[in-house]
Amino acid sequence: MMNPMRTAITDLLGIEHPVIQGGMQWVATAPLAAAVSEAGGLGIISALTQPTPDALREEIARARELTDRPFGVNLTFLPAITPPPYEQYVAAIIDSGVRIVETAGAKPTEAVAAFKAAGVTVIHKCTSVRHARSAEAIGVDAVTIDGFECAGHPGEDDVGGLVLVPAAARALGVPVIACGGIADGRGLAAALALGAEGIAMGTRFLVTAESRVHDDVKHAIVAGSETDTRLVLRELRNTSRVADNSVAREAAEVLAGGAEFSEVAHLVAGARGRSVWETGDTEAGIWTAGQSMGLIDDIPACGELVPRIVAEAEGVLTRLTR
Ligand SMILES: Cc1cc2nc3c(=O)[nH]c(=O)nc-3n(C[C@H](O)[C@H](O)[C@H](O)COP(=O)(O)O)c2cc1C
């Protein structure tokens, strides 16, 4: 029988297992990305976590010291009053010889052109078939489709992965990576069954030994269930799925009352979220987490987690085909 874990994605990226760690602001630095890559998956460094393009160059060099295996860099295009110097981050990624990029957020037309001209493989992450098609049209090599279950930005369509993944796989010529709500081998097997060529995960990799967030946050996720997230910023069409806590509830209530962003800015401030990761005080601000929280009940090293997920998926596929 052919190896079901060898897919268009493992071939495209030159990795052993079809398991990707999605870019995560503040969390996805070189040690986590390298640990995932060393485990045979694809680790991804978050570009904008680095304060400057030069700091990103150093972070990429740090990952190279930790692994000889392929890893990627995530570049997220979000609305901002003062946007980061995107062109300089693109240049830092290209000059550093990174071979794989995950883009996310607004349609990255110019960045994709620059990456493709430099021979970089681009995976665009999005939350609708419509956006996936338009990413394919600008030349990306693969698309990660993030279902409504996901941590971070699920978009405004509220379509879960069970529908979105096969709908994208049917509509696209490029390989599709399933993302959102996946935390174990059952999710990997299901993703392959739905027509995806691999999976990407955020929350699951947040809760690993190599993730830099405070242990108390990891334990809170282990203790949490699939109902312990909530959506904020809906009214501003910038929906985010975050852990359900007093700050998220307050922000959601204020906005539901018709408030402007300026009235919740102090609640959703990045600095407060960062303090959650650093201090472990899960009520200090809003912090990103997905519904897969309900499936996570340990804090493994990536070197244990990735093979375990693959073995579990293989077990599921064997059971189903017996
Ligand atoms: C703490 C955290 C930070 C994230 N930051 C980013 C980001 O900066 N850019 C991005 O494209 N996705 C970001 N994501 C989303 C993940 O890459 C991934 O798409 C998502 O977590 C998938 O859903 P899951 O958590 O259910 O696996 C973040 C996720 C988490 C948990």
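Helix H2, running over residues 30-38, is mostly tucked away in this predicted model: seven of its nine residues are buried. The covered positions are Ala30, Leu32, Ala33, Ala34, Ala35, Val36 and Ser37. Their packing partners come from several parts of the chain. On the strand side, the buried residues of H2 sit against S1 (19-21), S2 (43-46) and S3 (71-77). On the helix side, they pack against H3 (53-66), H9 (203-206) and H14 (302-321). After H2 comes Gly40, which has a positive phi, near 100°.

Setting aside neighbours within four places in sequence, Gln50 is in contact with Thr29, Ala55, Leu56, Glu59 and Tyr89.

Thr103 belongs to strand S4, which covers residues 100-105. Here the relative accessible area is 0%, so Thr103 is buried. The side chain of Thr103 also has a polar partner: a polar contact of 2.7 Å links it to the side chain of His124. His124 turns up again among the residues in contact with Thr103 once neighbours within four places in sequence are left aside. That list also holds Val122, Ile123 and Lys125, along with Leu75, Phe77, Pro108 and Phe115.

Lys125 leads on to the ligand, as it is one of the closest residues there, together with Gly23, Gly181, Gly202 and Thr203. In total, 21 residues surround the ligand. Sorted by class, this shell has eleven polar, eight nonpolar and two charged residues. Some atom pairs can be picked out. A nitrogen atom of the ligand lies 2.9 Å from a backbone N or O atom of Gln25. For Asp146, a polar side-chain atom is 2.8 Å from a ligand oxygen atom. With Gly181, a polar backbone atom is 2.8 Å from an oxygen atom of the ligand. As for cover, the ligand on its own has 610 Å² of accessible area, and the protein covers 93% of this.

Helix H10, residues 215-223, is where His219 is located. Is His219 buried or partly exposed? Its relative accessibility is 46%, so His219 counts as partly exposed. His219 and Arg234 are 15 residues apart along the chain, and their C-alpha atoms are separated by 28 Å.

Along the principal axes, the C-alpha atoms fill a box of roughly 55 × 45 × 40 Å. Of the 322 residues, 51% count as buried. The contacts can be sorted by separation along the chain as well: among those between residues at least 6 apart in sequence, 62% join residues at least 24 apart. Finally, the protein exposes about 13600 Å², with carbon and sulfur atoms supplying 52% of that area.

Note on methods:
Residues numbered from 1 in each chain as written. Predicted model: local features only at pLDDT ≥ 70, side-chain atom pairs only at ≥ 80, totals over all residues. Heavy atoms only, no water. Helix = DSSP H or I, 4+ residues; strand = E, 2+ residues; numbered from the N terminus. Buried < 20%, exposed > 50% of the residue type's maximum accessible area, 1.4 Å probe, protein only. Polar contact = N/O pair within 3.5 Å; in protein donor to acceptor, adjacent residues only side chain to side chain. Contact = heavy atoms within 4.5 Å. Near = heavy atom within 4 Å. Areas by Shrake-Rupley, 256 points an atom, 1.4 Å probe, with all protein chains shown as cover. Nonpolar A, V, L, I, M, F, W, Y, C, P; charged D, E, K, R; others polar.
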